[in-house]
Amino acid sequence: MPETPATMRQLRSLVTPEGELRLSVATVDTPSPRPEQVLVRVEAAPLNPSDLALLLAMADVGRAPADEGAAEPTVTAPIAEPVMRALAARVGQSMTVGNEGAGVVVAAGESPEAQALLGATVGFSGTAAYGEYALASPRMCLPLPGGATPVDGASSFVNPLTALGMVETMRREGHTGLVHTAAASNLGQMLLRICLADGVPLVNVVRRPEQVALLRELGAEHVCDSSQPTFFADLVAAVKATGATLAFDAVGGGRLAGEILNAMEVAVVPADAPYSRYGSDVPKQVYVYGALDPRPIELSRRFGFAWGVGGWLLTTFLGTLPLEDLIRLRGRVAAELTTTFASGYTDRISLTEALDPAVIGRYAQQATGQKFLLLPHS
Ligand SMILES: NC(=O)c1ccc[n+]([C@@H]2O[C@H](COP(=O)([O-])OP(=O)(O)OC[C@H]3O[C@@H](n4cnc5c(N)ncnc54)[C@H](OP(=O)(O)O)[C@@H]3O)[C@@H](O)[C@H]2O)c1
């Protein structure tokens with residue numbers, strides 16, 4: 001096992017009381033694992049939307065000059081006043097970033113679970129993947145199958161388990177089909193492959209014609225484009241055809257969640273049903289699991305009273321999952337790492353490049369198919 005250095009480089013995100021975001025690459029002590037932890041030498045970590053929300057703190061990164069005079073690479077950007085109010089709890093804290101990554105376990109605590117991983121190449125979930133080394137709990141490590149590289153395993157936690165968690169939630173809550181928004185996303189493509197393999201009816205909602213083409217190419221049957229004038233009628237037809245009464249909404253702002261509930265209501269009420277001012281009694285649920293659109297959610301209620309809109313978070317879901325189910329889901333991710341759960345990356349960047357304002361401007365877009373991978377040791 002190579003010697004672990006006493007210090008390491010790590011990306012940090014700080015919101016100052018003056019209303020500024022400050023990104024830096026700090027040199028910090030390499031942490032030592034507690035008995036039930038492992039230390040991973042991080043080889044690759046994806047930049048996912050939830051990481052970007054913490055990293056960039058909704059700052060105006062279009063106006064982010066690099067601080068050439070600083071000892072460590074540093075970038076600052078202004079944060080708007082209303083956003084600052086929402087960030088009050090993190091002001092003044094230099095925060096680590098990176099929800100997942102992959103690498104080699106180079107040190108382990110004394111617990112048998114931690115020791116068993118020593119030397120293994122793992123995907124892991126944690127809170128500081130954007131650094132040269134990161135701590136993780138053995139429960140949150142996925143030993144990669146033989147031949148798989150850290151790049152293959154960098155996104156083996158968050159999106160795969162979220163996509164699988166959606167199908168598990170559907171079954172657990174008695175629904176038989178799904179609606180999914182921002183469906184051309186990395187996660188959306190995984191969900192599509194799972195649903196095709198498992199025979200789960202799926203309605204994919206996207207916002208551009210080229211995303212319709214992409215998902216059709218992958219085998220999607222129902223794809224509704226919210227930019228089209230026929231969107232609502234298309235959605236009703238797709239919901240009718242699939243019987244989907246549960247939606248996972250990554251957009252999380254504007255009118256989309258309400259439109260989905262309205263479409264479900266139209267779809268479940270037979271044309272010859274007698275009028276009821278209370279609407280149908282078929283339960284309809286939208287789980288908001290992303291915040292791609294920061295506007296408030298607007299519900300235009302034509303969907304009766306049997307409905308719900310709630311939040312859904314992977315960590316909360318995993319907390320409710322019996323260990324044997326977690327092992328089953330992780331086993332599937334490992335077995336299908338380079339097929340169902342494959343992630344493609346358009347850009348590979350170093351820690352220093354992650355602070356280049358031109359690079360920040362590109363990864364902040366979170367555009368379809370444009371996924372960045374951080375290589376902390378490059
Ligand atoms: N709750 C959880 O536990 C959890 C876990 C994992 C992931 N997530 C969420 O899952 C979502 C997808 O993640 P990912 O890594 O798969 O993303 P990704 O590959 O980076 O793709 C983002 C997608 O969102 C679309 N998009 C961006 N802004 C949009 C908007 N305002 N309205 C509609 N579509 C928009 C993009 O389409 P364009 O090209 O048209 O911009 C793109 O297809 C994210 O919201 C993420 O936060 C949540």
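1. The model is predicted. Sorted by class, the residues in the shell around the ligand are 13 nonpolar, 10 polar and four charged.

2. Which residues come nearest to the ligand? Of the 27 residues around the ligand, they are Arg207, Arg208, Leu314, Thr368 and Lys371.

3. Thr368 has a polar side-chain atom 2.6 Å from a ligand oxygen, and a polar side-chain atom of Arg208 lies 2.7 Å from an oxygen atom of the ligand. Trp312 uses its backbone instead: one of its backbone N or O atoms is 3.0 Å from a nitrogen atom of the ligand.

4. Three helices each supply at least two residues of the shell: helix H1 (49–56), helix H5 (158–172) and helix H6 (186–198). H5 gives the most, with three residues.

5. Four strands form an open sheet in the order E4-E2-E1-E5, and their pairing is antiparallel. Its edges are strand E4 (74–78) and strand E5 (95–96), each of which pairs on one side only. In general, strands of a sheet pair through backbone hydrogen bonds, in either a parallel or an antiparallel manner.

6. At the E5 end of the sheet, strand E1 (residues 7–16) pairs with E5 over two bridges, in the antiparallel sense. Ser13 has Met95 of E5 as its bridge partner.

7. How many aromatic pairs does a search of the whole structure find? The search gives seven. One of them joins Phe248 and Tyr287 in a tilted arrangement, with 5.6 Å from centre to centre and 40° between the planes. This pair links distant parts of the chain. Phe248 sits in strand E13 (residues 246–249) and Tyr287 in strand E14 (residues 284–288), and the two are 39 residues apart.

Technical notes:
Residues numbered from 1 in each chain as written. Predicted model: local features only at pLDDT ≥ 70, side-chain atom pairs only at ≥ 80, totals over all residues. Heavy atoms only, no water. Near = heavy atom within 4 Å. Polar contact = N/O pair within 3.5 Å; in protein donor to acceptor, adjacent residues only side chain to side chain. Nonpolar A, V, L, I, M, F, W, Y, C, P; charged D, E, K, R; others polar. Pairing = 2+ DSSP bridges. Phe/Tyr/Trp six-rings, centres within 6.5 Å; stacked < 30°, edge-to-face > 60°.
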